[in-house]
Amino acid sequence: MRRFVDRFLAEPGTEWTWRGELVGGTTTFLATAYIVVVNPAILAFAGIPEGPSTVATALAAALGTLMMALIARRPFAVAPYMGENAFLAFGLAALGITWQQRLGAVFVAGALFLLLTFAGVRRWLSRGLSTSLKHAFAVAIGLFLAELGLYQTGIFTSFATGLPPAALAGASGLLRAPDVPVKLGDWSHPAAWLTLLGVALTLALVLRRVRGAILLGMLPMAAAGVALGLAPLPERWLAAPFRGELSLAPIAFQLDIAGILEPRHWPVLGTLALMGFLDTLGTLVALGAAAGLLDERGDLPRIERPMAVDALASMASALVGTSTSGAYVESATGLRDGARTGMASVVTAALFGATLFVAPVARALQAMPFVYAPALIVVGILMLRSAREVEFGDLVEAIPAFATIVLTLFTYNIANGLAAGLVAAPLARAAARVLAQVAA
């Protein structure tokens with residue numbers, strides 16, 4: 001068996017132990033299992049039914065992680081990405097794009113990733129974006145996820161009518177001070193307090209480096225919600241997947257590729273492709289650093305293989321009915337526990353497969369926003385670490401980063417922020433060159 005792992009699941013010369021692979025793979029699963037609860041809850045806003053979506057999420061994670069083991073030989077979990085799911089659910093809401101077309105976009109973007117990977121273009125593209133802008137994307141998405149969690153649980157709310165000029169007219173005809181775009185919500189509701197307690201508990205577990213901190217932070221909030229009468233216990237704890245309300249038939253192979261390929265939808269494909277590309281690149285480099293796998297230039301050797309896995313996993317995700325998949329940075333927890341080869345990914349994939357049989361529990365948790373919202377908020381907080389890599393002291397870097405973050409957060413739309421950053425970056429560089437020439 002050890003010879004099999006060395007030959008098919010490990011990079012040449014990798015030192016590993018059975019304990020490290022088993023414990024590390026289990027730890028990685030615990031750190032990423034929250035996605036089975038959170039992802040369907042977010043995609044429900046796009047019109048994807050939660051029962052089938054729960055099965056699709058677990059299945060996509062199992063398949064993607066198994067591909068990472070067999071193709072890339074890396075101990076990295078693969079599952080539907082946070083950020084991309086929010087883009088599909090909220091960023092495209094105003095465009096009138098059906099959920100079938102959104103899944104079609106996931107498939108086409110994955111196919112594009114695969115072609116770019118084999119052509120070697122993805123590495124070239126990664127060098128075309130500044131480090132500051134890449135990290136600004138992460139900061140913007142993190143803040144958006146936190147905003148989503150805070151909004152869904154009523155910790156703050158907004159004015160639905162917006163602020164047209166007529167709304168600003170005072171009694172004397174003069175302009176009055178505008179209302180704030182966001183305000184505190186009704187904190188008297190127990191859901192708001194449970195959310196805040198969930199955030200505090202999850203952060204405490206993260207700080208103590210407890211395995212599966214985000215998942216474990218959900219459980220006390222779920223118990224409190226049931227005790228307070230805010231949600232019922234699940235009717236069943238176990239169920240056979242792919243049957244009844246857990247059937248994949250309503251969403252599997254329902255993607256609309258022809259519809260999303262219309263020229264008017266090309267910006268959607270471009271945005272989704274860029275988001276997945278940046279997530280994949282940043283995550284793989286971070287995991288390579290955590291595992292001590294980076295070369296002297298800071299690159300992950302043979303990065304094309306895990307990139308190809310992410311592309312294939314995204315295509316598979318679209319086919320089963322869920323959002324863009326890719327390597328999860330939470331896999332670093334498994335690396336700390338000794339995971340070094342694809343054997344750890346086999347363990348993680350098997351555990352994701354096992355969650356298919358406890359889907360009723362995940363369904364019950366999805367009906368409790370105060371249970372999964374802390375996960376959104378904490379993931380958002382953790383993504384803010386990327387702000388350290390943004391060169392705010394350099395206006396050429398700061399302007400596109402500012403545009404990305406502010407427009408994502410204030411327009412409640414990831415696509416707006418990414419587009420603003422991509423447009424502002426070359427304009428800022430061009431302006432800086434012109435000013436330098438004038439000064440000379």
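Figure 1. Among the contacts of the chain with a separation of 6 or more, 81% are accounted for by residues 24 or more positions apart, a contact meaning heavy atoms within 4.5 Å. The secondary structure comes to 19 helices and four strands, where helices (H or I, at least four residues) and strands (E, at least two) are DSSP runs numbered from the N terminus. Of the 440 residues in the chain, 52% are buried; buried means under 20% relative accessible area, exposed over 50%, and partly exposed in between, with a 1.4 Å probe and protein chains only. The chain exposes about 19400 Å², of which carbon and sulfur atoms supply 67%; accessible areas come from the Shrake-Rupley method with a 1.4 Å probe, and for residues only the protein chains shown count as cover. This is a predicted model, in which local features need pLDDT of at least 70 and side-chain atom pairs count only at pLDDT 80 or more, whereas totals for chains, interfaces and linings use all residues. Residues are numbered from 1 along each chain as its sequence is written, and side-chain values use heavy atoms, with hydrogens and water left out.

**Figure 2. Confidence along the chain.** The average pLDDT of the chain is 84, and 88% of the residues score at least 70; pLDDT is the predictor's confidence in each residue, from 0 to 100. Where pLDDT is low, the predicted coordinates should not be read in detail.

**Figure 3. The salt bridge between arginine 305 and glutamate 11.** The structure holds four salt bridges, each defined as a side-chain nitrogen of Lys or Arg within 4 Å of a carboxyl oxygen of Asp or Glu. In one of them arginine 305 pairs with glutamate 11, and the closest N and O atoms are 2.3 Å apart. This pair links distant parts of the chain, 294 residues apart, with arginine 305 in helix α13 (residues 304-320) and glutamate 11 in the loop between α1 (2-9) and α2 (18-32). Arginine 305 is partly exposed, with a relative accessible area of 27%, whereas glutamate 11 is buried, at 9%.

Figure 4. Arginine 363 forms a salt bridge with glutamate 245, in which the closest N and O atoms are 3.7 Å apart. Here, too, the pair links distant parts of the chain, since arginine 363 belongs to helix α16 (residues 359-366) and glutamate 245 to the loop between α10 (213-227) and α11, 118 residues apart. Arginine 363 counts as partly exposed at 26% relative accessibility, and glutamate 245 is partly exposed at 46%. Glutamate 262 forms a salt bridge with arginine 264, with the closest N and O atoms 2.9 Å apart. Salt bridges that share partners join Arg236, Glu245 and Arg363 into one network.

**Figure 5. Tyrosine 34 and the nonpolar cores.** The largest nonpolar core has 107 residues, and those with the most contacts inside it are Tyr34, Val38, Met82 and Met218; such a core is a set of buried Ala, Val, Leu, Ile, Met, Phe, Trp, Tyr and Cys residues joined through side-chain atoms within 4.5 Å. Helix α12 gives the largest share of this core, 11 residues. Apart from its neighbours within four places in sequence, tyrosine 34 is in contact with residues including Met82, Ile214, Leu215 and Met218. A second, separate core of six residues includes Val5, Leu9, Met343 and Val347.

Figure 6. Glutamine 366, in helix α16, is buried, with a relative accessible area of 3%. Its side chain makes a polar contact of 2.8 Å with the side chain of threonine 54; a polar contact is a pair of N or O atoms within 3.5 Å, where within protein one must be able to donate a hydrogen and the other to accept it, and residues adjacent in sequence count only if both atoms are side-chain atoms. Histidine 265 lies in the loop between α11 (257-260) and α12 (266-290) and is buried at 4% relative accessible area. Not counting residues up to four places away in sequence, histidine 265 touches Ile97, Gln101, Gly259 and Ile260. In helix α5 (residues 84-91), eight of the eight residues are buried, so the helix is largely enclosed by the rest of the structure.
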